Amino acid sequence: MSRLAAGSDSLLVSYLALRRAIGMIGVALPFALALGAIAAGNAGVQRSVSAYYYTAMGDVLVGSLCAIGVFLLSYQGYEPKDSIAGNLACVFALGVALCPTTPLANATRADEIVGALHLVFAALLFLTLAYFSLVLFRKTDATKTPTPRKLQRNRVYTFCGYAILACIVLIAAVALLRDDSPIRRLKPVFWLEATAVVAFGFSWLTKGEALLADE
C-alpha cells in the first residue's frame, strides 16, 4: 500500500508540475516577446502577438506554442473529455505555431490562406482554453465538500475563462474597424491577445496549485 501511495503522490506532483509549466509559459510569453523584440532592435509593440513571428522573437513564439501544445497533449484529467480537450488544444496550438499570420507587406495568395488558417486555429485554441477554465477546472467531486481554497480557485478560473472570451469578442470587434481608425494605433489586438494568454497562464498556474493551494 505504501508503494501505491508513493506512486500516487509522485503522479500528483507530476501533474501539478505540468500544469505549472503550461501556466508559466502563458504568463511569460507576451512579455518575453515584446521585451525581446525591442532589445533586438524591432520597433515597439507589434500589431499582435502572432506578428512576432516576423521579428527576431519568431523562434521563441513558435517554440513556446509547440511546448504548450506538447504539454497539453500530455495533460490527463479525471474524465475522457479532459484528455480530448487537451488533445484538441494541442492540435490548435501547433496549428497557430505552424501557420503564421499574414504578413503586412507583399503577402501572396498562399500567405493569405495560411493566415486565415492561423486565425481559425487561434480562435479555436482560445475557445478551448476558456472551456478548460470555465468547465473542466471548476468541476468538484460530488462526494466531497469543496474547501475554501477550492472555491477561491473556482473564482479565479471563472474570471480567467470569461476574460479569454471577452478578449475574443473584442478582437473580432477590432477587426471591423477602419484601417485608419485611431484605435488601431494603440495596437489593441496585441493587448487583447496578451491579456487572453496571461489569463490562460494564471488559470493553469492556479490549477497547478502554484496559487491558492490547499493548506
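**Exercise 1.** Classify Phe190: buried or exposed?

Solution. Phe190 has a relative accessible area of 3%. Buried means under 20%, exposed over 50%, and partly exposed in between (1.4 Å probe, protein chains only). Phe190 is therefore buried. The model is predicted: local features need pLDDT of at least 70, side-chain atom pairs count only at pLDDT 80 or more, and totals for chains, interfaces and linings use all residues. Residues are numbered from 1 along each chain as its sequence is written, and side-chain values use heavy atoms, leaving out hydrogens and water.

**Exercise 2.** Count the aromatic pairs, then classify the one formed by Tyr52 and Phe190.

Solution. Start with the rule. Rings of Phe, Tyr and Trp (its six-membered ring) pair if their centres lie within 6.5 Å; planes under 30 degrees apart are stacked, over 60 edge-to-face, the rest tilted. The count is eight aromatic pairs.

Next, place the residues. Helices are DSSP runs (H or I, at least four residues), numbered from the N terminus. Tyr52 sits in the loop between helix 1 (2–39) and helix 2 (58–74), and Phe190 in helix 6 (residues 188–207), so the pair links parts 138 residues apart in sequence. Both residues, Tyr52 and Phe190, are buried.

**Exercise 3.** Classify the pair of Phe190 and Trp191.

Solution. The ring centres of Phe190 and Trp191 are 5.0 Å apart, with planes at 80°, so this pair is edge-to-face. Trp191 has 47% relative accessibility, so Trp191 is partly exposed.

Technical notes. Helix = DSSP H or I, 4+ residues; strand = E, 2+ residues; numbered from the N terminus.
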